[in-house]
Amino acid sequence: MADDTLSPSLAGRLVRRAAAGAGELAHTLRQEPIKFAVLVGAALLLAGLVGWPLGTLFWKGFQVKGDGPFTLTNYISVFQEGGLIDALENSLYISGWTTLFSLLIAVPMAWAVARTDMPLKTTITAASAATFVVPSFIVVISWIFLLGPNEGSVTLFLESIGLALPFRIFSREGLIFVLTLHLYPLIFHTLASALSNMDASYEEAAGAVGAGKLRTLWSVTMPLMLPALVSGVILVFLDSLALFGAPRAIGLSGRFHVLTTKIYVLFRHPPRFELAAAAALPLMCFTVVALWVQKWLLGRKRFTTLTGRAAGAKPIELGLWKWALLAFCLLIAFLGLLLPVSTLVISSFLSSWGEPISWENLTLESYTVIADSPDVYTAVSNGLRLSFAAATICVLLAIAIVWMVERTEIPGRGLLSFLAMVPFAFPSVALAVGLILIFIHPPFELYGTLWIILVAYTVKRIAFAYIFARNALKQLSPEMEEAARVLGAGWLRTMGEVTLPLLKGGLAAAWVLIFSICLRELTMSILFYLPGTETMAVIVFNYFEDGTFEVAAAISVVILVISFASVYLVKSVIGKGVQEV
Amino acid sequence: MAQVKLELRGLTKRFDDVVAVNNVDLVVETGESVVLLGPSGCGKTTTLRAVAGFNRPDGGEIHIDGNRVAAAGESIPPEKRGIGMVFQSYAVWPHKTVDANIAFGLRIQGLSRSEVAERTKKALELVQMGGLSGRYPAELSGGQQQRVALARALVVEPTLLLLDEPLSNLDAALREEMRFEIRDLQHRLGLTMLYVTHDQQEAMVVADRVVVMNLGEVEQVAPPEEIYRRPRTRFVAGFVGQANLINGEVSEVRDGRAWIKTPLNAPCQVNPPEGFALEPGREVGMVVRPEDITVGGSSDGEGVFRGCLERRAFLGQNYDLTVRVGDAELRCQAPKDAPPATEDVSVHIPPEAWWVLED
Amino acid sequence: MMAFTLRLAGVVLLALAIPAAGWAASMDALHRAAKKEGTLTWYSNSKKKINQKVAKEWKKAYPGIKLRHIRKGTGAQVPTIEAERMAKRVSVDVMNNTDPATFLRWTREGFLAPFKAPNDKDLPAEFVEKGHHYRAVSIYLHPGVYNTKKVKTSDVPKKLSDLTKAKYKGKTVSATPRTSGVEFPKYLTAVNRYGWDFVKGLAKNDHLLQKGQGAVLRMVQKGERPIGVGNTTYRIWGAMKKGRPLKPIFYEDGTVMITVNLGTPKDAPHPNAARLLINFLVSKKIQKLLVKNHFYSARKDVGNPPLGPALSSLKLIRADNEQLIKARGPFFDKFDSFFGMK
């Protein structure tokens with residue numbers, strides 16, 4: 001009965017919505033062709049870049065073998081696979097705790113950096129961004145050798161002072177530790193960029209009515225930061241679900257599977273990519289759930305904190321507490337960056353890695369090997385160009401998409417959110433296969449060129465830009481843009497002169513994250529690369545696998561320095577703006 | 001004959017299933033200041049935004065200077081309407097200096113650098129912000145920021161200026177000052193303004209004519225005094241100023257006078273309204289303003305009622321009194337010497353103090 | 001990019017122009033046809049350095065035919081090729097990797113082109129697939145390995161089965177057969193000999209699994225796990241030559257031998273150059289070069305690697321390809337289950 005009355009009205013409403021949306025679309029085309037071209041172009045580009053490869057994979061998923069008939073066999077067989085539930089449980093356990101710990105670390109750090117008078121703020125920010133540059137497999141190896149139960153340097157040091165590690169590196173807890181230090185910057189950067197965009201008058205108002213600092217933080221700042229917080233949490237949660245390298249290195253030794261390692265197992269021997277899409281379904285479900293939770297949590301509430309009633313943000317004075325906070329931030333930066341990186345630096349100067357450090361064992365040989373290898377130059381140049389282009393495309397594309405989602409009634413906006421987010425938690429190997437399937441044929445014969453790598457990076461990381469841009473746009477009052485429109489500026493000019501500059505903080509953070517994370521991308525690059533299209537991580541990996549850890553470490557150090565310098569350069573070029581006002 | 005600047009014909013706007021603006025007609029003449037007044041959700045801002053071009057009407061038309069800028073489902077973009085707008089949130093751009101904020105519209109018009117500079121300077125002086133051109137908005141107070149927003153809208157010499165609750169974020173004192181300033185500017189520059197507010201006093205100061213809106217519909221369009229003195233509907237009477245609303249039934253009409261039976265303990269004598277006739281038996285609503293009621297004084301005569309003073313509050317300039325008369329409570333104002341509470345008092349309401357509502 | 005696309009297009013046209021029989025009959029004709037193709041792509045699991053040395057020789061022998069050599073480990077190589085296959089556009093001309101079962105599967109699926117390379121005749125029959133779809137380009141041995149600083153000579157295990165003894169608890173490491181091509185034959189043959197108790201014993205002995213051979217060697221070298229149950233000889237000797245404190249353990253009960261196979265796809269874009277390279281790779285000259293770089297050769301006439309004993313002096317075990325293909329899935333599942341991974 002209820003259904004009878006409900007469904008027609010629901011259907012009716014949907015039809016009316018769709019009709020209204022289509023009307024708006026047609027209207028935009030008539031009245032604002034440039035806006036139409038940009039928005040629809042961006043939507044089509046996103047649909048093409050994401051929908052095409054993923055769609056192709058899903059299509060293949062219906063075929064048992066190559067050209068076979070269409071069945072659900074693959075999807076069914078994936079879910080009948082033993083141990084999938086265990087893997088799922090482990091994934092949730094690990095991602096859940098990783099997310100929680102990342103929150104505990106990142107929230108105070110972000111607040112301290114964005115809002116207080118704590119010293120060394122730039123250093124802390126740079127360190128947490130740099131955490132992203134070191135290739136993950138190198139970080140994991142470093143941790144394994146630092147925390148290894150028999151010979152780990154940290155383990156031995158702790159033993160010498162009568163202490164023991166509270167967990168085994170080869171365990172789920174060990175993985176949580178590594179992942180937390182690896183991923184907390186995602187929350188840190190989302191939150192910090194949102195915090196520094198926030199109209200300080202909210203906090204000042206709360207301070208004026210006598211709320212203490214902590215109370216203000218809890219009852220005024222945090223609720224306004226909810227969108228940033230939620231998206232940071234989603235990023236960490238999904239990324240920790242989608243990561244493969246670290247869980248593989250640690251999970252195998254710790255004797256447990258997570259979803260991605262389980263999926264990997266399904267692909268192998270013989271590789272059956274038609275299963276890839278099916279196996280990725282659980283991860284895609286999490287993406288959908290995450291988006292849904294976000295929508296539910298944030299709903300139609302307004303989070304506009306940048307309205308054009310500007311107020312200078314005065315850093316909150318912490319007194320002596322700032323030293324405690326600084327110590328905490330430095331500890332995290334040390335654990336997350338310096339400890340693994342110093343292992344790298346030391347290894348890069350050893351002639352024989354694994355041996356004790358002594359004068360005879362120190363050498364510059366690894367660096368001379370680099371100097372003599374033209375492929376290192378190629379890789380560095382490829383890596384920088386690819387990452388620069390991917391970050392830029394991601395950011396520009398994301399702005400258009402986000403603007404459409406947040407500011408228009410155009411139908412299918414929810415689908416765009418989904419398309420932007422879904423590759424994030426999609427296994428990289430599967431994504432790479434999807435891209436090869438498309439780009440090996442004309443008309444877009446990109447396989448074997450740098451272009452396919454660029455597409456892969458863009459597709460995989462657009463979610464970052466999407467999330468950051470969305471948070472930033474949510475904070476930006478539409479009236480800021482409308483003020484420009486009534487003054488005679490067209491849509492494009494308004495975007496260029498008002499929207500983009502005001503979103504700069506969030507966009508710059510997204511850009512830097514994507515740039516850094518692309519520099520270290522390995523999983524897809526290694527499948528795509530041909531002579532001339534090596535990237536830095538590929539070179540490192542190859543040296544590493546050839547048993548020359550010292551050279552791999554030396555290249556990593558070089559990469560680190562270059563990336564650090566580029567990030568710094570970019571920051572100093574685009575980083576001037578609102579905050580300095 | 002004044003020229004028509006803006007005309008709304010049957011403007012209708014829906015959001016999903018909710019009708020936000022329903023069949024609104026309005027004409028704004030050149031040089032006129034029209035205020036849209038109403039509680040939040042009454043459709044006044046939606047109307048303004050439709051005029052600006054930020055939403056597309058679902059029905060009706062909008063004409064500016066005789067050009068149709070919007071019709072059902074069609075709407076030319078805001079930048080092609082030649083309007084200026086001041087926003088509730090000011091919307092001054094924090095990444096641009098005061099100068100750059102104001103110069104923006106001129107730059108868009110492609111004016112020469114020197115002309116931009118000159119007109120920007122003039123606009124700044126107009127809003128008395130002369131010395132602050134190089135500042136960033138964050139260094140300004142709220143009032144100063146709103147002046148920047150005003151200058152930014154005025155500098156392009158818009159054919160029509162729209163203001164959306166421009167003063168609601170300011171503190172009370174500043175708000176009062178700015179009302180007069182805006183009104184003054186409007187006169188001096190001969191601006192045509194469409195102004196949205198929920199503050200009736202602001203409306204009174206700024207408007208040549210006030211449009212009272214409720215639930216998406218226009219209740220009354222009239223000059224401020226007429227809105228106050230001669231509200232057309234119960235809603236207008238209640239929304240604009242304090243009013244005692246009394247329902248009654250016409251009992252007698254004679255000699256150009258009417259007597260109405262009400263919950264008050266005696267029939268009320270009223271002057272019949274213009275435009276419609278009263279006949280015995282008709283039910284009517286009547287309004288009397290607190291300040292038109294005299295409490296105390298002679299205990300008999302025309303329009304004198306006996307009542308009991310129930311509550312009494314000192315407001316500084318006068319007393320706010322509540323008097324029970326028959327089955328009705330009347331809010332009254334008394335000057336300095338109000339009788340103490342719980343006392344029987346006489347209440348005088350002259351016939352011309354009553355206003356009979358049309359609906 | 002543009003240039004590459006154009007070139008690729010040209011090459012495809014050329015390939016189409018060649019009759020379906022593909023490659024020419026005589027070596028001279030093959031050379032001429034290959035010259036016309038002008039280039040070829042080779043996926044090799046060997047180190048880049050070795051590929052470079054081979055490429056240098058190739059350039060001397062066949063100037064004008066550009067050899068694009070790409071180091072792709074078995075783990076990345078097989079998926080890449082499978083993706084190309086699935087897209088029906090193979091871009092690899094010649095490949096070699098450490099997964100013999102995959103070569104057998106490819107042959108059965110009709111993916112590989114048969115080619116009687118003239119030099120195939122110098123390889124013992126057991127190292128050439130009957131239909132000449134693939135042959136061994138080199139041979140890996142898979143002995144144990146230990147850290148000479150952490151393990152006393154007297155404590156070095158003699159037999160593979162020793163490793164389940166209590167004294168090796170927490171000391172051993174190996175790659176997992178599921179992801180390491182060379183590890184699977186070792187464990188399969190071990191289970192053939194000792195039954196599943198061997199795996200169970202290892203698991204109980206806190207044996208550590210790693211994803212690949214490189215990771216295992218690093219663990220041993222660092223001393224975190226001083227004994228590697230198995231590792232490829234070229235890695236061990238390569239590391240020893242660099243002065244690392246490592247030594248292979250040739251178990252008394254046998255050392256596993258793995259062939260690195262070499263073949264060309266039927267749909268290779270440069271079929272003639274591909275065949276030329278295959279013949280070149282199993283030539284005496286190149287085989288000698290490989291032997292010098294710590295690989296064993298299937299050829300009898302090129303000697304042994306610098307640090308390697310003669311194959312005839314060792315008890316060698318070779319896994320059965322049929323069993324490798326058939327046992328695969330269930331074997332991995334069972335193996336994993338002893339390690340608590342369902």
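**Exercise 1.** Determine how many residues of domain 1 and domain 2 of chain A are in contact, and describe the interface.

*Solution.* Step 1: with contact taken as heavy atoms within 4.5 Å, 54 residues of domain 1 of chain A touch 50 residues of domain 2 of chain A. This is a predicted model, in which local features need pLDDT of at least 70, side-chain atom pairs count only at pLDDT 80 or more, and totals for chains, interfaces and linings use all residues. Residues are numbered from 1 along each chain as its sequence is written, chains are lettered from A and ligands numbered from 1 in the order in which they are written, and side-chain values use heavy atoms, without hydrogens and water.

Step 2: the buried area (accessible area, 1.4 Å probe, that two parts lose on being put together, summed over both) is about 4700 Å², with 75% from carbon and sulfur atoms.

Step 3: one salt bridge (side-chain nitrogen of Lys or Arg within 4 Å of a carboxyl oxygen of Asp or Glu) is counted between the two domains. Asp239(A) and Arg461(A) form a salt bridge, at 3.9 Å from N to O.

**Exercise 2.** Describe the interface between chain B and chain A.

*Solution.* Step 1: chain B contributes 37 residues to the contact and chain A 36 residues.

Step 2: about 3200 Å² is buried between the chains, 56% of it from carbon and sulfur atoms.

Step 3: five salt bridges are counted between chain B and chain A. Arg30(A) pairs with Glu74(B) in a salt bridge whose closest N and O atoms are 2.5 Å apart.
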